[in-house]
Amino acid sequence: MGDRAAMSGGAISLRDVTVAYDRHPAVHHLSGSFAPGSLTAIAGPNGAGKSTLLKALMGELPVSEGAIDRGRLSVRDFGYLPQAAEIERRFPITVADAVTLGAWRRTGAFGGATRAIAGEARRALSAVGLEGFERRHIGSLSAGQFQRVLFARLLMQDAEVILLDEPFTAIDARTTRDLLEIIRRWRSDGRTVIAVLHDFEQVRAHFPETLLLAREPIEWGATASALSPANLLRARAMAESWDEAAPPCRPGAHDHAHAHDHA
Amino acid sequence: MTLYSALVEPFADYGFMRRALVATLALSLGSGPIGVLLMLRRMSLVGDAMAHAVLPGAAIGFLIAGGLSLPMMGLGGLVAGLSVALLSGLVSRTTALNEDASFASFYLSSLALGVLIVSLRGSNVDLLHVLFGTILAIDAESLCLVGGIASLTLLAIAAVYRPLVAECFDPGFLRAVGGRGPLYHLLFMFLVVINLVAGFQALGTLMAVGMMTLPAVVARLWAQTLPGMFAVATGVGAVSGLVGLIASFHLGVASGPTIILTASVIYAASLLAGPPSPLRRLVRRPHLSA
């Protein structure tokens, strides 16, 4: 762990967090914390509230109940990789311009890219294996190359907490391997990395900690234990239960035993 | 007919033709880039709806001024256009309706109200002027307004170019870095409205958006970069204005529709001859080595 993790108060704590869409909970009574410098996967079946949780962590979705405590951090210290579908891939912008957006906090809305920032963008591109792609248009890139561009932009952001939403969906094996290497480097820098993933094998191989979510937390802790067959079975059953006419949630009616705090 | 009498004489001999030409050139400077950004935001038809939404405000300005007065109608149109843009934005954020659906409902109400107001007090000729424009009747005052709007538009785009690009390319990212996307979206809608107000004296509320949409789609066919698209769109607007005015002068037809039809002809030609054209597919060319 690097210096960042040693700094106190870098944890992100969730206290009985519920995030609801139209009163139906997408994330239900979640408590726990992401330790500074930790590398956590958020796994679970479709509709388990994984992306919703990331958006709530980003402050993009309001928390219906409970609270998220970001300690000394603010959402400004967070870097966020949205799902690829949310980006306009046909927009006429060059790779260099897209990566330079990562320096937004430093340049602001009006500052131009300085020589230093242009150099930094070049280095970020070379770190993701895209040397010489600066002048290419993003529309001409493959899905894997485009994902590398987004990782280069995250490198430029230099964020303390990095949230990744399905970073390897529809991405080829080699790109996935390279990008996992970047994630490992982030971790050794002491950054906190939280990634939504649905490939359990990938999670087991590369992520020491896992939050298994099925709207409600199934288990949050060491990956091997969180992804036990019994837990996975339970997760699948819970994510499928959705009731149009569900009664209001009564306080204390929930089993919080599995949501533990490991900060 | 000599080339001089065909191309230059109309402008040399008639002040109204000169003013019309300057107005269309100024229009193309502002509306070209705005149209490109509208298209890239997939809002081309929202621009069209917005143009209709401007009408009741213009009609009220028409009533207050007691006749066709561009500054008065422009002010009214600005207020009406911005109100519809804000209301649509509000409705789409607070209900299940998409922005295009809420725009469609607001602009229809707005258009009906505008036509009703004009028909209450004005003649049919006035209604025709409001709907289809009177570019040949542009006076010096209106010219200043159109020129001022074009200048303001270019300066504003230059100032907020990066946030506009970021908001369009990846709105989620801009939100994540605290980039105040909605603010720039609103500023952009303001620019759309003032350019429609400028366009409507020349082309009327029904075709004001023509100087935005048609040059923009032509630009998309020819240019790869955003600045390139701005340049092509502006050029297409300017050429349409010039050619349209000359053609309408010699053929004795209405100038507004002629300008828009000229842009349509350029669009059709670009479809056939532009880079991704069907004609080019007929010619087999060897592929490149890298």
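Two strands pair if DSSP finds at least two bridges between them, and helices (H or I, at least four residues) and strands (E, at least two) are DSSP runs, numbered from the N terminus. The exercises below concern a predicted model, in which local features need pLDDT of at least 70, side-chain atom pairs count only at pLDDT 80 or more, and totals for chains, interfaces and linings use all residues. Residues are numbered from 1 along each chain as its sequence is written, while chains are lettered from A and ligands numbered from 1 in the order in which they are written.

**Exercise 1.** Work out which strands of chain A make up the open sheet of three strands, and in what order they stand.

*Solution.* Begin with strand 1 (residues 12-21) of chain A, which runs antiparallel to strand 2 (residues 24-34) of chain A and is joined to it by seven bridges. In this pairing A:Y21 stands opposite A:H24, and A:A20 stands opposite A:P25. The two strands form a hairpin with two residues between them, and A:D22 in the turn has a positive phi of about 50 degrees.

Next, look at strand 4 (residues 65-69) of chain A, which is antiparallel to strand 1 and joined to it by four bridges; here A:S13 stands opposite A:D69. Put together, the open sheet has the order 2-1-4, with antiparallel pairing. Strand 2 and strand 4 are its edge strands, since each pairs on one side only.

**Exercise 2.** Decide whether A:L54 is buried or exposed, and find what it touches.

*Solution.* Locate A:L54 in helix 2 (residues 50-58) of chain A. The rule is that a residue is buried if 20 or more other C-beta atoms lie within 10 Å of its own, exposed if 12 or fewer, and partly exposed in between, with C-beta atoms placed from the backbone. A:L54 counts as buried because it has 24 C-beta neighbours inside 10 Å.

For the second part, two residues are in contact if their C-beta atoms, placed from the backbone, lie within 7 Å. Leaving out residues up to four places away in sequence, A:L54 touches A:L163, A:D165 and A:V196. A:L54 and A:L164 are 110 residues apart in sequence, but 8.1 Å apart in space, C-alpha to C-alpha.

**Exercise 3.** Describe how helix 10 of chain B is covered, and what it gives to the side of chain B that touches chain A.

*Solution.* Helix 10 (residues 161-169) of chain B is mostly covered, with eight of its nine residues buried; among them are B:R162, B:L164 and B:F169. What covers these buried residues includes helix 3 (15-40), helix 11 (171-176), helix 12 (181-207) and helix 14 (226-251) of chain B.

Now turn to the contact between the chains, where 21 residues of chain B are in contact with 18 residues of chain A. On the chain B side, helix 10, helix 11 and helix 14 each supply at least two residues, and helix 10 gives the most, with six residues. Finally, the residues of this side divide into 13 nonpolar, five polar and three charged, where Ala, Val, Leu, Ile, Met, Phe, Trp, Tyr, Cys and Pro count as nonpolar, Asp, Glu, Lys and Arg as charged, and the others, Gly among them, as polar.
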